[in-house]
Amino acid sequence: MTILVTGGTGYIGSHTATALLQQGYDVVVMDNLCNSKAEAINRIEKITGKRPAFYQTDMMDMDGMRSIFRDYKIDAVIHFAGLKAVGESVQQPMRYYYNNITGSLQLFQVMAEFQVKTIVFSSSATVYGMNNPIPYVEGMPTSATNPYGYTKLMIEQMLMDIHHADPAWNVMLLRYFNPIGAHESGLLGEDPNGIPNNLMPYIMQVAISKLPCLNIYGNDYDTTDGTGVRDYIHVMDLADGHLKALDYIQKHPGLEVFNLGTGHGTSVLEIVKAFEKASGKKIPYQIAPRRAGDIAAFYADNTRAVNLLHWQPKYSISDMCRDNWNFISKNPNGL
Ligand code: NAD
Ligand code: UFG
């Protein structure tokens, strides 16, 4: 089976491409490299002994995408490509709507032209909005609070409507919680541009002294130690979730929504302590004001994914911190 992985040189895409190749799938990667490097392809080859085909193609380029579908008989698409920085999406909404929504629509149009109707989409826990009780369950109402979140909601809606109009479309909407960790080889990991927005990439930069100090956004939340609580999940567990989703959809055609999280919450201070233990490095921090738009705590109810996909996250928080440290200490300047 040949899988087209859009966004496949990015963080989650590159780890998933590795897992797919190791599972015996053929992989074609498409990415415009706006937030990743082609070096990821070399790293994937080093780990798996197989080199995925790579197209530096933008979702805005429909003819470029058509040539991929002409060159390869694609059986399914795993669609990671998109812009993902919440704050940036508030500053640059048009760029986010254009890239994520128009780009995805064009991808779906090209898939339809080539009769490729199986897709796994990277959605996010952000679609649960601000007002749901925790843990989040797939059937809860969805909403968004920023343009990035609206793009995820809209793309979910587009795929639901496409499936409704033509039930031959098989759609997996995977709502990721907070992916961290890296490939155990230290060859692949998260390599964001500029100053990181997310917690773990920021801690990694502090650990190698590229940034002086972590700002902890609030210690007066209604949580065990007052800092924000999230459901951190190892990127290789997430990658495995995609393999399980592909298996499932072949046996059970249709449309499904799954949370991919561990079901456990961890606070910012607990992450800092776990990272210090794994790395032997002190992470200096200061308490800063709450970050606009943050909520105190969320984590997944992953019962559906565990029961239906037969997926079980394996990695602990200390494994995640160990693998992040392994990656950043081997790649202080990224890939
Ligand atoms: P990433 O930025 O590392 O990967 C996304 C990739 O898409 C990048 O390599 C980028 O170059 C590529 N891309 C962007 N626009 C493109 C376009 N127009 N054409 C072709 N390629 C394009 O991000 P990631 O963390 O690997 O996230 C992958 C997906 O998962 C994204 O859709 C993201 O929104 C979603 N997601 C991520 C998280 C997270 O915390 N990392 C959480 C929930 C959902
Ligand atoms: N945090 C800090 N300091 C930092 C960065 C983060 O204290 O420098 C705190 C946040 O306040 C929050 C926790 O660390 O309590 C996690 O923050 P992240 O930015 O790493 O992740 P978020 O949960 O805010 O959001 C991310 C994506 C969302 C997505 C969500 C679930 O940015 O789009 O994960 O997938 F919805």
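Tutor: A charge sits over a ring if NZ of Lys or CZ of Arg is within 6 Å of the ring centre and within 35 degrees of the ring normal. In this predicted model, Arg290 meets that for Tyr221.

Student: How far is Arg290 from the ring centre of Tyr221?

Tutor: Arg290 lies 4.0 Å from it, over the face of the ring.

Student: What conventions apply?

Tutor: Residues count from 1 along each chain as written, chains are lettered from A and ligands numbered from 1 in written order. Local features need pLDDT of at least 70, side-chain atom pairs 80 or more, while totals for chains, interfaces and linings use all residues, and side-chain values use heavy atoms, without hydrogens or water.

Student: Aromatics next. How many aromatic pairs are there?

Tutor: Nine. Rings of Phe, Tyr and Trp (its six-membered ring) pair with centres within 6.5 Å; planes under 30 degrees apart are stacked, over 60 edge-to-face, the rest tilted. Tyr55 and Tyr72 are one such pair, edge-to-face, with 6.3 Å between centres and 90° between planes.

Student: Where do Tyr55 and Tyr72 sit in the chain?

Tutor: Tyr55 is in strand S3 (residues 53–55). Tyr72 is in the loop between helix H3 (62–71) and strand S4 (76–79). The two are 17 residues apart, so the pair links distant parts of the chain. Helices (H or I, at least four residues) and strands (E, at least two) are DSSP runs, numbered from the N terminus.

Student: Is Tyr55 buried or exposed?

Tutor: Tyr55 is buried, at 18% relative accessible area. Tyr72 is partly exposed, at 32%. Buried means under 20%, exposed over 50%, partly exposed in between (1.4 Å probe, protein chains only).

Student: Which residues form one aromatic cluster?

Tutor: Tyr128, Tyr136, Phe177 and Phe298.

Student: What polar contacts does ligand 2 have with Phe177?

Tutor: An oxygen atom of ligand 2 is 2.6 Å from a polar backbone atom of Phe177. For a ligand, a polar contact is a pair of N or O atoms within 3.5 Å. A polar side-chain atom of Arg230 is also 2.6 Å from a ligand 2 oxygen. For an N or O atom in the side chain of Asn198, the distance to an oxygen of ligand 2 is 2.9 Å. Of the 690 Å² of accessible area that ligand 2 has on its own, the protein covers 90% (Shrake-Rupley method, 1.4 Å probe).

Student: In what sense do S8 and S13 pair?

Tutor: Parallel, over four bridges; S13 spans residues 285–288. Pairing takes at least two DSSP bridges. Tyr217 has Ala288 as its bridge partner in S13.

Student: Switch to ligand 1. Which residues come nearest?

Tutor: Asp31, Asn35, Ser36, Asn99 and Tyr148, of 27 around ligand 1. A side-chain N or O atom of Ser36 is 2.7 Å from an oxygen atom of ligand 1. A backbone N or O atom of Met59 is 3.0 Å from a ligand 1 nitrogen. Ligand 1 alone exposes 820 Å², and the protein buries 95% of that.

Student: Which element gives the largest share of the shell around ligand 1?

Tutor: S5, with three residues. Helix H1 (11–22) and helix H6 (147–165) each supply at least two.

Notes:
A polar contact is a pair of N or O atoms within 3.5 Å; within protein, one must be able to donate a hydrogen and the other to accept it, and residues adjacent in sequence count only if both atoms are side-chain atoms. A residue is near a molecule or strand if one of its heavy atoms lies within 4 Å of it.
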